[in-house]
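Here is a short report on one chain. It moves from the overall fold to the core, and then to the charged side chains.

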Amino acid sequence: MAKPADTRTAGRKAAAKPTRSAAETEKIRAALAARRDELRAEYDQTLSEITELQRDRLTDSAGDDQADTGTKTFEREQEISLANSILERITQVERALERLDEGGYGWCERCGNPIPVERIAAFPSATLCVTCKQLEERR
């Protein structure tokens with residue numbers, strides 16, 4: 001039985017990828033690592049704040065009616081959603097670092113075309129070119 005084609009490389013063009021200098025690669029790596037560290041600090045701070053708020057809510061919940069309980073639940077879900085969003089951004093940056101090590105950083109995972117420098121500058125952990133990202137968002 002034939003092996004299914006890898007969807008990430010199926011439409012990839014045979015054009016040779018220009019290589020980055022070691023200095024360029026290290027500059028990108030340093031920027032990504034700094035962003036990852038910032039996000040981790042933000043995530044740790046958010047978790048600390050959530051824990052503190054939960055502690056306060058437990059000690060200050062006597063006499064709450066259903067509306068108060070609902071509001072506190074909604075707020076807690078919002079805080080957890082924020083923490084999960086930060087965690088997802090950390091994962092994206094770590095994936096970008098992996099792609100940098102593998103030599104695939106700056107190239108679209110779907111079509112294999114280069115990701116425009118402007119997109120990389122605005123969103124350093126981008127894995128898709130503008131066209132592929134637009135197609136993904138339409139789905």
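In what order do the elements of the chain run from the N terminus on? The order is α-α-α-α. The model is a predicted one. Its secondary structure comes to four helices and zero strands.

**Overall figures**

The chain has 139 residues, and buried residues make up 25% of them.

**The nonpolar core**

The largest nonpolar core holds 20 residues. Within this core, Leu 32, Tyr 105, Cys 108 and Cys 132 touch the most other members. Which elements give two or more residues to this core? They are helix H1 (22-59) and H2. H2 gives the most, with seven residues.

**Thr 46 in helix H1**

Thr 46 is found in helix H1. Is this residue buried or exposed? Thr 46 has a relative accessible area of 9%, so it counts as buried, the cut-off being under 20%. Its side chain reaches the backbone oxygen of Glu 42 at 2.8 Å. Leaving aside residues up to four places away in sequence, Thr 46 touches Glu 79, Leu 82, Ala 83 and Ile 86.

**Salt bridges**

How many salt bridges does a search of the whole structure find? The search finds twelve.

| Residue | Partner | N to O distance |
|---|---|---|
| Arg 36 | Asp 37 | 3.6 Å |
| Glu 102 | Arg 95 | 3.8 Å |
| Glu 109 | Arg 99 | 3.0 Å |

Take the pair of Arg 36 and Asp 37 to begin with. Asp 37 is partly exposed, at a relative accessible area of 42%.

Next comes the bridge between Glu 102 and Arg 95. Glu 102 is exposed, with a relative accessible area of 59%. Arg 95 is partly exposed, at 24%.

Then there is the salt bridge of Glu 109 with Arg 99. Which parts of the chain does this pair tie together? Glu 109 lies in the loop between helix H2 (66-102) and helix H3 (117-122), while Arg 99 lies in helix H2. The two are ten residues apart in sequence, so the pair ties together parts with that separation. Both Glu 109 and Arg 99 are buried.

**A network of charges**

Which residues are linked in a network of salt bridges? They are Arg 95, Glu 98, Arg 99, Glu 102 and Glu 109. The network therefore includes the exposed Glu 102 and the buried pair of Glu 109 and Arg 99.

Glu 98 is another member of the network. This residue is found in helix H2. Its relative accessibility is 41%, so Glu 98 counts as partly exposed. Glu 98 can also be set against a residue elsewhere in the sequence. Glu 98 and Arg 29 are 69 residues apart in sequence. In space, their C-alpha atoms are 9.9 Å apart.

Technical notes. Residues numbered from 1 in each chain as written. Predicted model: local features only at pLDDT ≥ 70, side-chain atom pairs only at ≥ 80, totals over all residues. Heavy atoms only, no water. Salt bridge = Lys/Arg side-chain N within 4 Å of Asp/Glu carboxyl O. Buried < 20%, exposed > 50% of the residue type's maximum accessible area, 1.4 Å probe, protein only. Core = buried A, V, L, I, M, F, W, Y, C linked by side-chain atoms within 4.5 Å. Polar contact = N/O pair within 3.5 Å; in protein donor to acceptor, adjacent residues only side chain to side chain. Contact = heavy atoms within 4.5 Å.
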